[in-house]
Amino acid sequence: MCGIVGYVGEKQALEVVVAGLRRLEYRGYDSAGVAVISDGRLEIRKKAGKLANLETLLGQDPLPQSTTGIGHTRWATHGGPTDHNAHPHVSADGRVAVIHNGIIENFAELREELQSRGVELASETDTEVVAHLLAEAMPDSDLAQAMQAVCHRLEGAFTLVAMDPHDPTTVVGARRSSPLVVGLGEGENFLASDVAAFVEHTRDALELGQDQIVVLRADSVQVLDFDGAPVEAKPFSVDWDASAAEKGGYELFMLKEIAEQPKAVADSLRGRLDAQQRIRLDETQIDDGVLRQISKVVVIACGTAAHAGMVAKYAIEHWTKLPVDVELASEFRYRDPIVGPDSLVIAISQSGETMDTLMALRHAKDQGARTLAICNTVGSTIPRESDAVLYTYAGPEIAVASTKAFLTQIIAAYLVGLYLAQARGAMFEDEIRAIMQDLSDMPQKVDLVLDTVEPVRALAQEYAEAGSVLFLGRHVGYPVALEGALKLKELAYMHAEGFPAGELKHGPIALIEDGVPVIVIVPSPRGRSVLHGKIVSNIQEIRARGARVIAVAEEGDEAITPFADHIIRVPETPTLLQPLVSTVPLQVFACELATVKGHDVDQPRNLAKSVTVE
Ligand code: M6R
């Protein structure tokens, strides 16, 4: 949610900053803006809409050369997506330019206070108050000191990056609960919401902690707390290169990321068995003795990550006999969740920065729970604040709609479940090894789905004009149905809903009328065959009312043939692993439908990749 870039060095700042914004545009695309310092003055260009609009403006009205600059791509919260609400915002005296990600919750009172002192505000944003407050603090202090003073006055979550033309070779950043990382170059340094912005220049980075300020110059990086005391920041290195964040010959990031799933699954499984063939989770720092005392597991996550958690619930309960609750993180802390020292709270997040999940995690920690993060982004806040972390190795996910992250989150959550079962003696070691063997077959099976998925595109074209699409599943097929519906909503802007197939008759079946397409995730007939039989009955109930049934069914499941209008085949897979294959055609279906409708698949309307506001 909002992408931020800052640069100080020897290169032309504008080029570095705009290239960085291009890589961060998935974080928000309501407007974009840049600022550089030239001849002791701030020079700003900003424009509503996508980055391309800003680039056109820069072509018509070029910026002067400068080696210090900042840039922003916005997901609007306070104030519409207009030119004047675009960042950077400048203080009335032209002394400070600031960009911001997050929400300043006390902005209304700060705004009134500024107005009472005669300050005129030029935008409706919460950000602009920061520019004026910084300028007011500046006569007696430098920008870093002013930033400390102002941060003490702000409530909410924020990343701020600012420049002062009186100190033209310095950029100052600050963070509370919103993402900001430092890129360390040779004679140049970077600030960004995530490493994608600078990975083409350097893979050496610094994590910033909560309530920290960073003073960036070409040859130094100084990290301070909000009281100005120096802080040691943790270095890390990025384990992928710039090409991983490029389309690599694909038309869309989403298509590339769908195709990368076999590798992402294989990478997330690699090295998880030790010499004794026991599960090893290197990054997990919770003692086995503690895990033996756990009496419940709670998964907190949002959107697709929550669906991965729902899939994992079936497996972890089956393997460990521990109760598993899956909670939407945005709801978690606003009731009275029963968690404590005997709870293992698993936060699942691709970005590691989702504010709802972060706040739920903090709430769980306050209750004394043990916390474990499943995350795809090294150096992000959620793993940093968890007791233990298990990274997924999906590589950067750029398309706003999550695909490879989902599959790898399921893999990671399954590894946690098996590890728990092993630590607690809930399963025999040969049982665990057999499941690990099944998991190791999955990259090849996902590959097989990708090889045979072409007819799904034709199907998507056939249903492009449907008013609504329903998705049904049972057991692990239910969260897959939810995920299929979410993909269709966010990409094709169609009404789509996922239901547990057995629940339909309790109300939603009233939605069925002649021709309504219903995608049914059919359980394996070889698993709990009773589930297969039940879903066949559910299919008959909806067909009797005119539904057109698209079944996602296993190879060799001939019993389903008479009951479906179309069948999408997936390879034979153990029941608990079926989501890893049955989700893939639904991703392709949504992607194709959105393409047919002419939508921007990688950057769907109203959305942003990393949701860093509550
Ligand atoms: O980065 P996270 O995994 O925490 O993100 C959670 C959701 O915002 C995310 O999965 C969202 O639902 C996706 N756009 C769905 O495709």
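Is K404 buried or exposed, judged by relative accessibility? At 1% relative accessibility, K404 counts as buried, where buried means under 20% relative accessible area, exposed over 50% and partly exposed in between, with a 1.4 Å probe and protein chains only.

This is a predicted model, in which local features need pLDDT of at least 70 and side-chain atom pairs count only at pLDDT 80 or more, while totals for chains, interfaces and linings use all residues. Residues are numbered from 1 along each chain as its sequence is written, and side-chain values use heavy atoms, with hydrogens and water left out.

**Salt bridges**

A salt bridge here is a side-chain nitrogen of Lys or Arg within 4 Å of a carboxyl oxygen of Asp or Glu. By this rule the structure has 37 salt bridges.

| Residues | N to O distance |
|---|---|
| E43 and R45 | 3.7 Å |
| K404 and E260 | 2.7 Å |
| E397 and K609 | 2.7 Å |

Helices (H or I, at least four residues) and strands (E, at least two) are DSSP runs, numbered from the N terminus. In contrast to buried K404, E260 counts as partly exposed, at 22% relative accessibility.

E397 lies in the loop between β19 (388-391) and α13, and K609 in the segment after α19 (579-596), so their pair ties together parts that are 212 residues apart in sequence. Both E397 and K609 are buried. Salt bridges that share partners also join R41, E43, R45 and D61 into one network.

**Aromatic rings**

Rings of Phe, Tyr and Trp (its six-membered ring) pair if their centres lie within 6.5 Å; planes under 30 degrees apart count as stacked, over 60 as edge-to-face and the rest as tilted. The count comes to four aromatic pairs. One of them joins Y7 and F190, with ring centres 5.2 Å apart and planes at 50°, so the pair is tilted. Y7 lies in strand β1 (residues 3-8) and F190 in strand β10 (residues 189-192), so the pair ties together parts that are 183 residues apart in sequence. Y7 counts as buried at 0% relative accessibility, and F190 counts as buried at 1%.

For W319 and Y414, the ring centres are 5.2 Å apart and the planes at 80°, so the pair is edge-to-face. W319 belongs to helix α9 (residues 303-320) and Y414 to helix α13 (residues 404-423), 95 residues apart. Both W319 and Y414 are buried. Y7 and F190 also form one aromatic cluster with F198.

A charge sits over a ring if NZ of Lys or CZ of Arg is within 6 Å of the ring centre and within 35 degrees of the ring normal. The charged end of R605 sits over the ring of Y493, 3.9 Å from its centre. The charged end of K50 sits over the ring of Y29, at 5.0 Å from the ring centre.
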